[in-house]
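User: I would like to learn how to read helix packing and cores in a model like this one. Please take it step by step.

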Amino acid sequence: MLLLQSRALAQASFDAACASALADLALLLQCERISLGLRQGADCRVVAVSGVADLRQRQDAVCLLALAMQEALDQRCAVLHPLPPDTSRCTTLAHAALAHGNGGLAVCTLPILCAGQAAGALLFERRQGLDAAALQLAQDAALFIGPLLVLRQRADSGWRARLGAAAGHGGAGLSPWRLGTLAAAVGLCVLAAWPTPHRVVAPVRVEGQAQRIIAAPVDGFVRTVAARPGEAVRAGQVLVQLEEQDLALEREKWDSELAKLDKQYRDALSKDDAGPIVIAASRLEEAQSQRALVQRRLQRTALTAPFDGVLISGDLSQSVGMPVQRGQELVTVASVGTWRIVAEVDEQDIAALRLGQRALVLFAALPQAVPFEVARIAAVATLAVGRNVFEVDGSGAAAAALLRPGLRGVARIEIGPSHNAVLWWQRAQQWLRHTAWRLLG
């Protein structure tokens, strides 16, 4: 057997090793044919037959050989046909079919054991049957030559067969479905154990650090519009001019009323009558107050910018002549140079946030992410797109020149190191708790 092993090991490939070992065994045991089968999943596949170079030309015979080998492997014992006297009964239907097809040759199949598992089988076909000496040699071949060929086949096979052998499939390889399942399970385990930073992801918007809404001071109509959103404005610049005609007419009415009451007051003074003087003086003061009120309303029809900045909302260029009501929001002015980054953090993530945590924001309009630091966490939630969010303010001084009001992006706020499995478990636990609370009450 050592000579047969050395000759098989000297071959350059698995096929050559099988051909050499089976030919030597056939010569030694004077067998008509010796076949080698290896486990492939739950089945047995014939990989080599002595004296046959191309198994595809012997498909019928190969099928009978495979069935006989499978019959022996299923019973996990040696199977002989015809059964010698005084032997335990076992199933030999496949062996009988093989003997019927090969002209009545005696058949003996011996399992090949590797690490206590049936890795394949050797099938011997001999004309005069196997006596005790020949059967002992065949068992030695299955014990010493068979495992050697199995190991050689695994060494020459691809990574799928090696993985299958490691997974306990006898080295016959994994089916695509089992391979995919095993790879997915291994990948999931690696991903779950992989250390990863815990981040809170939230949508972000950019606002001016100082932002002022300018509303209509009186009821009226839009006469002129001097600026549109996106334009820079200066402090005191007129942005919107309301109609003045009604207020001007009211001022003229009070001017004439003042002239009349002033004349009445002077007449009362000339008569030196205290009662009429007091009445005339009070009416004159009332008219002066009404005229001053109208004058202030007239001055406020010109809506001016409160500081240097940029107009971020309120395009009234197509609304000239539109009526406006007192308190109606018309335009919004934001300061330039200093910006406020506002992240809308979901309520289930707000507990993990702390002041001073660092974050990165990616804006579609900017080529690189913008760093910022959490400076304020709102204490009250607001409703945004059907969910409760807390506004988290941050400053992005490093990229102030690149920011623009109204920009929107996505922020990743760094919480700390963690593992994917921990994060997944926390999410699942929150979902299960909320679902059970809703369903079970």
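User: Which residues in α3 meet which residues in α4?

Analyst: This is a predicted model, in which local features need pLDDT of at least 70, side-chain atom pairs count only at pLDDT 80 or more, and totals for chains, interfaces and linings use all residues. Residues are numbered from 1 along each chain as its sequence is written, and side-chain values use heavy atoms, with hydrogens and water left out. Contact means heavy atoms within 4.5 Å; helices (H or I, at least four residues) and strands (E, at least two) are DSSP runs, numbered from the N terminus. On the α3 side are L64, L65, L67, A68, E71 and A72, which meet L93, A94, H95, A97 and L98 in α4.

User: At what angle do helix α3 and helix α4 pack?

Analyst: Axes are lines fitted to C-alpha atoms, for helices over the stretch in contact, and angles run from 0 to 180 degrees between N-to-C directions. Under 35 degrees counts as roughly parallel, over 145 as roughly antiparallel, 65 to 115 as roughly perpendicular, and the rest as oblique. Helix α3 (residues 59-75) and helix α4 (residues 93-101) pack at about 150 degrees, with axes 8 Å apart, so α3 is roughly antiparallel to α4.

User: How do helix α8 and helix α9 pack?

Analyst: Helix α8 (residues 245-271) packs against helix α9 (residues 274-299) at an angle of about 160 degrees, and their axes are 9 Å apart. That makes α8 roughly antiparallel to α9.

User: Which residues touch the most other members of the largest nonpolar core?

Analyst: A nonpolar core is a set of buried Ala, Val, Leu, Ile, Met, Phe, Trp, Tyr and Cys residues joined through side-chain atoms within 4.5 Å. Buried means under 20% relative accessible area, exposed over 50%, and partly exposed in between (1.4 Å probe, protein chains only). The largest core has 33 residues, of which F14, I34, L36, L122, F124, I145 and L149 touch the most other members. Elements giving two or more residues to this core include α2 (14-29), β1 (33-40) and α5 (132-156). Apart from it lies another core of 23 residues, among them A202, V206, I350 and A359.

User: What is phi of Q30, and where is Q30 found?

Analyst: Phi of Q30 is near 55 degrees, a positive value in a residue other than glycine. Q30 sits in the loop between α2 and β1 and is exposed, with a relative accessible area of 52%.

User: Which peptide bond is cis?

Analyst: The bond from H81 to P82 is cis, with omega near 0 degrees. P82 belongs to the loop between β3 (79-81) and α4.
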